[in-house]
Amino acid sequence: MKKKFSYLFGPTFLAIIILLLLDGYRQYAIVPVLIFWITLYSWDTIEKRKKAKDNS
């Protein structure tokens, strides 16, 4: 999970900074955060299912 977190964190952080710097788009800075967490946990769930399927 740590590798996935670091892989997704960089682009998410960059997107948040860019959105916070643009005056008209500050309210959308939460969107990359939500996408980050959804992607992280979806990716982790898919990998866990694949491992469980392979072990069966």
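**First stop: a residue of helix H1**

Select Lys-4, which is found in helix H1; helices (H or I, at least four residues) and strands (E, at least two) are DSSP runs, numbered from the N terminus. The model is a predicted one: local features need pLDDT of at least 70, side-chain atom pairs count only at pLDDT 80 or more, and totals for chains, interfaces and linings use all residues. Residues are numbered from 1 along each chain as its sequence is written, and side-chain values use heavy atoms, with hydrogens and water left out.

Is Lys-4 buried or exposed? With a relative accessibility of 7%, Lys-4 counts as buried; buried means under 20% relative accessible area, exposed over 50%, and partly exposed in between (1.4 Å probe, protein chains only). Now display what surrounds Lys-4: apart from its neighbours within four places in sequence, it is in contact with Leu-40, Trp-43, Asp-44 and Glu-47, where contact means heavy atoms within 4.5 Å.

**Second stop: Thr-12 and its partners**

Move along to Thr-12, also a residue of helix H1. Thr-12 is buried, its relative accessible area being 13%. Setting aside neighbours within four places in sequence, the contacts of Thr-12 are Pro-32, Val-33 and Phe-36.

Next, show the side chains of Phe, Tyr and Trp. How many aromatic pairs does a search of the whole structure find? The search finds 8 aromatic pairs. Rings of Phe, Tyr and Trp (its six-membered ring) pair if their centres lie within 6.5 Å; planes under 30 degrees apart count as stacked, over 60 as edge-to-face and the rest as tilted.

One of these pairs is Tyr-7 with Trp-43, an edge-to-face arrangement with 5.9 Å centre to centre and 70° between the planes. Tyr-7 lies in helix H1 (residues 2-21) and Trp-43 in helix H2 (residues 30-55), so this pair ties together parts that are 36 residues apart in sequence. Tyr-7 counts as exposed at 59% relative accessibility, whereas Trp-43 is partly exposed at 28%.

Then select Phe-9 and Phe-13: their ring centres are 5.7 Å apart and their planes stand at 20°, so the pair is stacked. The two residues are 4 apart in helix H1, a separation of about one helical turn. Phe-9 is partly exposed, at 40% relative accessibility, and Phe-13 is partly exposed as well, with a relative accessible area of 46%.

Select Ile-38 in helix H2. Ile-38 is exposed, with a relative accessible area of 55%. A distance drawn between the C-alpha atoms of Ile-38 and Lys-3 reads 16 Å, and these residues are 35 apart along the chain.

**Last stop: the whole chain**

Finally, zoom out to the protein chain, which has 2 helices and 0 strands. Its radius of gyration (taken over C-alpha atoms) is 15 Å, well over the 10 Å that the globule rule gives for 56 residues, so the chain is more spread out than a compact globule; that rule is 2.2 Å times the number of residues to the power 0.38. Along its principal axes, the C-alpha trace spans about 50 × 15 × 10 Å. Buried residues make up 18% of the 56 residues.
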